[in-house]
Amino acid sequence: MTNVTFARSTRTSATYAVSLLVVAVAVLTGCGSSDANSADPLQDDATAGGTVVVGSNNFPESILLADIYGEALKSKGINVSYKLNIGSRETTYGLIKNGTITVMPEYNGALLSYLNPDAVPTSTEDATKLINADLDSKLALLEASKAEDKNAIGVNEQTAKQYGLTSASTIADLSNVASDLVIGGAPEFQTRPQRLPGLKSEYGLEFKSFKALDAGGPLTVAALKGNNIQVGDIFTTDPTIKANKFVILKDPKNLFSFQNVIPLTYKSDLPAEGVSVLNEISAKLDTDVLIDLNSQVQTDSMDPLDVAKAWLSSVGLS
């Protein structure tokens, strides 16, 4: 078994929770902040010597999934380094296409929308087929998991009570009141076809304003909870939905499509044993498991690396 390199920032559960809180407070008060414990995620420090570089987008679930992938690869004796919390797909797709990143946790519907905004998949298998039609030839999708995490439109408890919205309500029920409401989400939510433009074209929603926050992360949650926004882009596996009594509106027009967790890889830099173990992860990962793992990180403030290790051990992949 070869030696394993593990280049990543050191994060205890306490510093992880505190850093999220500091960032949330800073942005909501109009100030910038940075995590002093994190190395530059774009620094090219681990692409040589046969190292598999595992990347993540800039939200907690993506970081957790990257830790799961990375630790599983390590268990097979593969050299692993991390580039976590990079940013949106607009950045990470370019990095994996040029080989700076070897493995990324992806979501099939969102990736398909990025590659082909007009595609309308009818199943998980169809989504994979459509992605492969436009995917760069240097890249490969592995097996899709049953775990699905969709973007969703959520309203806070105050807004739900004011307009009589319940879990049976749909996005269309905002059509007469959207002009009085502020919606928040990641900056790219404003321009992606299946996000704010799609809410207008499919449901006729035009909001009072848009507040740029993060991708369903602590900034959006804090803003929604504090009524700085009344509507937010929330991920369906987010444990804070229940904790904060947010109401998720149904999406009968399937604007947010299929969103199965799936590994995206730079083919030439991932050995066969790496492909095999990542497919094993997909076979064992479902939505209920993902909700539970997210809760440990986001509600219980556990370090995602510790959560990843414990789950892999529980399913025999460590």
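Asn-254 lies in the loop between β10 and β11. Its phi is near 55°, a positive value in a residue other than glycine. Most residues other than glycine have a negative phi. Asn-254 counts as partly exposed because its relative accessibility is 34%, and partly exposed covers the range between under 20% (buried) and over 50% (exposed). The model that holds this residue is a predicted one.

**Loop residues with positive phi**

- Lys-245 also has a positive phi, near 60°, and is a residue other than glycine.
- The loop that holds Lys-245 runs between α9 (240-243) and β10 (247-249).
- Lys-245 is exposed, because its relative accessible area is 53% and the cut-off for exposed is over 50%.

**The chain as a whole**

- The protein chain contains twelve helices and eleven strands.
- Of its 318 residues, 53% count as buried.
- The protein chain exposes about 13500 Å², and carbon and sulfur atoms supply 49% of that area.
- Take the contacts between residues at least 6 apart in sequence: 76% of them join residues at least 24 apart.

**Helix α10**

- Helix α10 covers residues 272-284, which is 13 residues.
- At 1.5 Å a residue, α10 should span 18 Å, and its end C-alpha atoms are 19 Å apart, which agrees.
- Which residues of α10 are buried? They are Gly-274, Val-277, Leu-278, Ile-281 and Ser-282.
- An α-helix has 3.6 residues a turn, so residues three or four places apart point the same way.
- Ala-272 and Ala-283 are exposed on the other side of α10.
- The cover over the buried residues of α10 includes two helices, α2 (60-75) and α12 (304-314), and two strands, β4 (103-107) and β11 (261-266).

**Ser-282, a buried residue of α10**

- Ser-282 lies in helix α10 and counts as buried because its relative accessibility is 4%, where the cut-off for buried is under 20%.
- Not counting residues up to four places away in sequence, Ser-282 touches Glu-143, Ala-144, Ser-145, Lys-146 and Pro-263.

**Helix α5**

- Helix α5 covers residues 124-134, and its buried residues are Thr-124, Asp-126, Ala-127 and Ile-131.
- They cover an arc of only 155° around the axis, so they are on the same side of α5.
- On the other side of α5, the exposed residues are Glu-125, Lys-129 and Ala-133.
- What do the buried residues of α5 pack against? They pack against α4 and β5 (139-141).

**Helices α3 and α4**

- Helix α3 (residues 89-97) packs with helix α4 (residues 108-115) at an angle of about 85°, and their axes are 11 Å apart.
- The two helices, α3 and α4, are therefore roughly perpendicular to each other, because angles of 65 to 115 degrees are counted that way.
- Arg-89, Glu-90 and Tyr-93 are the residues of α3 that meet α4, where their partners are Ala-110, Leu-111, Tyr-114 and Leu-115.

**Leu-181, a buried loop residue**

- Leu-181 is in the loop between α6 (157-163) and β7 (182-185).
- Is Leu-181 buried or exposed? It is buried, because its relative accessible area is 2% and the cut-off is under 20%.
- Leu-181 is 22 residues from Thr-159 in sequence, and their C-alpha atoms are 9.0 Å apart in space.
- Not counting residues up to four places away in sequence, Leu-181 touches Thr-159, Tyr-163, Leu-174, Phe-207, Lys-208, Ser-209, Gln-230 and Val-231.

**Asn-227, a partly exposed loop residue**

- Where is Asn-227? It is in the loop between α8 (218-225) and β9 (231-235).
- Asn-227 counts as partly exposed because its relative accessibility is 25%.
- Along the chain, Asn-227 and Glu-157 are 70 residues apart, while their C-alpha atoms are separated by 9.2 Å.
- Leaving aside neighbours within four places in sequence, Asn-227 is in contact with Asn-156, Gln-158 and Thr-159.
- Thr-159 is also among the residues that Leu-181 touches.

Key. Residues numbered from 1 in each chain as written. Predicted model: local features only at pLDDT ≥ 70, side-chain atom pairs only at ≥ 80, totals over all residues. Heavy atoms only, no water. Helix = DSSP H or I, 4+ residues; strand = E, 2+ residues; numbered from the N terminus. Expected span 1.5 Å × (residues − 1). Buried < 20%, exposed > 50% of the residue type's maximum accessible area, 1.4 Å probe, protein only. Contact = heavy atoms within 4.5 Å. Areas by Shrake-Rupley, 256 points an atom, 1.4 Å probe, with all protein chains shown as cover. Axes fitted to C-alpha atoms, helices over the stretch in contact; angles between N-to-C directions. Parallel < 35°, antiparallel > 145°, perpendicular 65-115°, else oblique. Arc of directions from axis to C-beta.
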